[in-house]
Amino acid sequence: MASSHGYPFEKRHCLSIADFHRPDIESLLSLGEHYLDLSVQKSSERSVLAGKTLVNLFFENSTRTQKSFELAGRRLGADVINMNVANSSVKKGETLLDTAATLNAMNPDILVVRHGASGAPALLSQKVECSVINAGDGMHEHPTQALLDALTLRQAFNGDFGGIRIAICGDIAHSRVARSNVQLLNMLGCDVRLVGPPTLIPSNADRWGADVFHDMETGLAGCDVVMMLRLQLERMNGAFVPSKREYFHFYGLDRTKLGFAKPGALVMHPGPMNRGVEISSDIADDPDISLITQQVETGVAMRMGILHALSDAQDGIA
Amino acid sequence: MASSHGYPFEKRHCLSIADFHRPDIESLLSLGEHYLDLSVQKSSERSVLAGKTLVNLFFENSTRTQKSFELAGRRLGADVINMNVANSSVKKGETLLDTAATLNAMNPDILVVRHGASGAPALLSQKVECSVINAGDGMHEHPTQALLDALTLRQAFNGDFGGIRIAICGDIAHSRVARSNVQLLNMLGCDVRLVGPPTLIPSNADRWGADVFHDMETGLAGCDVVMMLRLQLERMNGAFVPSKREYFHFYGLDRTKLGFAKPGALVMHPGPMNRGVEISSDIADDPDISLITQQVETGVAMRMGILHALSDAQDGIA
Amino acid sequence: MASSHGYPFEKRHCLSIADFHRPDIESLLSLGEHYLDLSVQKSSERSVLAGKTLVNLFFENSTRTQKSFELAGRRLGADVINMNVANSSVKKGETLLDTAATLNAMNPDILVVRHGASGAPALLSQKVECSVINAGDGMHEHPTQALLDALTLRQAFNGDFGGIRIAICGDIAHSRVARSNVQLLNMLGCDVRLVGPPTLIPSNADRWGADVFHDMETGLAGCDVVMMLRLQLERMNGAFVPSKREYFHFYGLDRTKLGFAKPGALVMHPGPMNRGVEISSDIADDPDISLITQQVETGVAMRMGILHALSDAQDGIA
């Protein structure tokens with residue numbers, strides 16, 4: 001199995017989409033695709049991470065992402081150690097570095113980190129000897145989410161990324177998912193658009209390499225895929241969004257707004273969803289339209305692929 | 001090992017005692033008994049759940065039950081993933097179904113669920129493809145507790161359920177343990193009684209197939225076994241029970257009240273105990289009388305048996 | 001591997017340094033040293049605890065110690081079950097014994113216990129059949145910390161404990177680390193000193209077999225090693241220590257105070273550190289001076305050694 005990806009993947013970490021070149025991405029997606037086969041996932045790959053230790057270091061709660069990595073690591077035979085660290089116990093930058101030193105001395109092979117501060121995983125990666133995977137840092141990046149979204153699209157469009165026009169909609173400004181996805185989908189040749197109210201689109205978004213729209217009708221026109229983002233509840237207090245009801249009226253995805261996109265357009269959402277806020281239930285639950293459960297399923301496989309690639313790079317296998 | 005139970009166990013789930021017929025129960029008890037041998041439990045059965053994933057999804061805290069399933073799963077070689085979900089994060093029925101969809105996309109093989117709402121595990125079982133085990137749902141059922149209690153009795157009475165008169169005592173109304181046990185013990189041919197104050201016996205209890213008593217003296221007369229239930233502390237605020245002291249006086253099991261039962265009668269309790277409320281310490285700790293620690297020990301073995309049976313049913317092995 | 005320690009280690013538990021004789025300690029340190037080799041630790045020793053269950057029962061939070069034991073257990077092939085029990089749920093001594101009975105009925109092989117009450121692990125060890133390891137009990141003992149500190153010193157001083165003069169500094173009164181270390185370092189032949197303000201030195205410390213000093217200048221004179229203790233934040237409210245600033249001025253380890261010790265003196269700290277309170281960052285982070293990360297690294301290896309020794313003793317292997 002170690003040679004299942006032909007390109008020599010030599011990255012030590014998975015911190016940011018910006019660190020990867022297209023061949024890296026192709027290599028990761030191919031490994032992810034390999035693990036989409038459930039019989040492969042469950043039975044024959046135990047030795048890939050045998051004897052290796054994966055530490056899941058989460059400074060923010062995220063059952064979904066943490067369990068996805070835990071499952072991926074175990075199915076590859078790793079020892080998985082979950083460390084949930086309350087934000088309250090981390091008051092100073094020093095403490096993060098002490099945590100890094102402590103962890104490093106336990107000699108893990110792979111450290112998966114979620115942290116509320118942008119750049120925390122990158123900082124940790126300079127202080128530890130193991131591979132670091134960014135599982136979401138502040139409003140910066142969430143590269144494994146972007147990779148699993150890309151793998152989901154590769155499956156849905158038979159690998160033809162160049163033919164995909166995709167609108168990423170909602171709270172772009174606070175979304176690490178959007179930041180990672182724009183970069184990755186651009187690299188893969190998709191036509192990427194950002195759609196949302198002016199208060200939720202960063203002022204420099206025109207330099208991200210995506211066209212910006214402030215209404216769903218023109219933003220979704222001709223789109224093959226509509227990716228909705230989660231609206232954090234704390235944004236709905238009036239500063240960014242007048243009310244849930246008004247937000248849904250203008251930006252929530254329902255049948256009418258989906259009608260602006262190309263016939264047969266598909267819908268994505270990184271989860272967990274706020275039903276009736278950014279997406280209606282009849283869209284979310286329609287298996288002919290929604291790729292949402294595929295995204296979760298792809299998530300475990302893609303993370304197995306990422307773990308496999310980093311482990312091979314550690315061992316000098318390409 | 002796969003053929004250690006002769007009857008073709010074909011159930012996909014373990015949701016309710018009501019779903020089982022007596023041959024199912026016999027098959028489960030025999031497998032549970034097989035795992036009572038600690039050398040079997042600890043060393044030779046790793047392959048039964050090898051490559052399979054067990055998710056422990058607990059919406060209510062329960063160290064005892066969750067750890068019993070975790071241990072059972074690991075001793076059979078499964079990957080065990082614990083997911084503790086605070087009730088606070090589950091505000092709408094939709095969210096439970098989203099949780100189900102997310103879990104299902106991670107492709108577990110067995111989902112163990114505890115939830116505060118009656119019927120939640122059954123609802124989940126309709127939305128996922130894996131086997132679901134009810135680890136306690138509201139005031140509805142707790143079938144694995146009833147099975148482990150039955151296995152404990154089978155050991156104590158050499159399999160002769162027909163000869164057992166058993167009184168289940170205390171807060172019957174709010175007890176899922178009582179509901180599952182009455183059904184199972186009736187099916188196995190025991191003579192089952194319910195004993196408790198009128199405020200803690202449901203009005204339809206006479207239709208459960210058990211005689212109802214409101215005092216311990218007549219209720220325990222001639223009983224071989226006295227099963228005490230835990231009195232939830234929130235019942236002691238006066239609405240159901242005047243005071244702990246008065247409750248113990250009338251319904252707490254001590255030497256005097258145990259004297260109403262048959263000489264040599266045995267005592268059970270699902271734990272954790274409120275000592276001095278529903279049971280006195282000298283009864284609880286007397287190894288000649290109390291089966292309480294045997295119940296815990298039997299719990300791991302019985303759950304190994306249940307996991308084994310469901311796994312075999314998945315694989316088409318009978 | 002089972003015979004890697006020549007002396008017949010026959011202890012069932014690891015509760016207190018006071019229970020061990022010097023050959024026991026030598027045997028444990030040799031096993032710990034064996035596991036310092038990371039390739040040994042990660043790849044070849046999976047069978048030592050295969051089929052055995054380690055329960056990590058923590059009544060006090062301690063990510064560092066718990067994860068160290070979890071990692072040690074997993075690297076030896078054990079099933080590791082973490083049980084974090086909030087102090088709030090333990091209101092009566094009875095409950096601890098009920099917890100013990102419940103755990104015992106699950107048939108673990110090794111129970112690692114941290115508890116806020118001195119003597120709790122020893123009490124548990126009388127009620128369970130498995131081996132018990134004290135991972136810190138109140139202000140009493142923390143024997144595995146003392147063993148890992150001794151192993152760290154053995155590495156740093158090529159086994160020549162007799163040549164080491166060591167000052168243990170700070171909050172001696174409330175420190176289980178100090179209590180265990182004084183006993184162990186005395187047994188190994190070190191010259192041990194205690195340094196701290198009178199409010200933080202117990203009145204009977206002169207009978208511990210260590211000289212007591214109340215100022216750093218005379219206390220550190222001629223020392224090869226300075227071991228700083230963590231000052232619990234709750235001690236800084238004025239009853240024991242006037243203020244953090246004043247504490248650091250008199251007892252915090254900086255370059256000036258380290259200059260009182262022997263040239264080339266090394267520094268230890270059990271972690272987590274209060275930087276700027278008991279130790280300055282430039283000392284803590286200087287790899288030529290600080291053994292602090294080595295202590296963590298040694299911690300996993302030493303705990304593997306302890307688990308190995310107890311397991312061998314269970315199996316009658318010496």
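Across all chains of this predicted model, a search of the whole structure finds 48 salt bridges. Side chains of opposite charge can pair when their charged atoms come close. A few of these pairs can be followed one by one.

In chain B, the side chains of R165(B) and D191(B) form a salt bridge, with 2.8 Å from N to O. This pair links distant parts of the chain, since R165(B) belongs to strand β5 (residues 165-169) of chain B and D191(B) to strand β6 (residues 191-195) of chain B, 26 residues apart. R165(B) counts as partly exposed because its relative accessibility is 27%, and D191(B), at 29% relative accessibility, also counts as partly exposed.

Another salt bridge in chain B joins the side chains of K257(B) and D254(B), at 3.8 Å from N to O. Are these two residues buried or exposed? K257(B) is buried, having a relative accessible area of 6%, and D254(B) counts as buried at 18% relative accessibility, where the cut-off for buried is under 20%.

Turning to chain C, we find K52(C) and D315(C), whose side chains meet in a salt bridge of 2.9 Å, N to O. K52(C) lies in the loop between α2 (38-44) and β1 (53-58) of chain C, while D315(C) lies in the segment after α12 (292-314) of chain C, and therefore the pair ties together parts that are 263 residues apart in sequence. K52(C) is buried, with a relative accessible area of 11%, whereas D315(C) is partly exposed, with a relative accessible area of 44%.

Salt bridges can also be followed in chain A, where R22(A), E26(A), E33(A) and R154(A) are linked in a network of them.

Helix α3 (residues 63-75) of chain A has 13 residues, and from its first C-alpha to its last it reaches 18 Å, close to the 18 Å expected at 1.5 Å a residue. Because 11 of the 13 residues of α3(A) are buried, this helix is largely enclosed by the rest of the structure; among the buried residues are T65(A), F69(A), L71(A) and R75(A). Just after α3(A), G77(A) takes a positive phi of about 90°.

Finally, consider how two of the chains are arranged. Chain B can be laid on chain A with an RMSD of 0.0 Å by a turn of 120° and a shift of 0.0 Å along the axis. The two copies are therefore related as by a three-fold rotation axis.

How values were computed
Residues are numbered from 1 along each chain as its sequence is written. Chains are lettered from A and ligands numbered from 1 in the order in which they are written. This is a predicted model: local features need pLDDT of at least 70, side-chain atom pairs count only at pLDDT 80 or more; totals for chains, interfaces and linings use all residues. Side-chain values use heavy atoms; hydrogens and water are left out. Copies are superposed by least squares on the C-alpha atoms of residues with pLDDT of at least 70 in both. Helices (H or I, at least four residues) and strands (E, at least two) are DSSP runs, numbered from the N terminus. The expected span of a helix is 1.5 Å times one less than its number of residues. Buried means under 20% relative accessible area, exposed over 50%, partly exposed in between (1.4 Å probe, protein chains only). A salt bridge is a side-chain nitrogen of Lys or Arg within 4 Å of a carboxyl oxygen of Asp or Glu.
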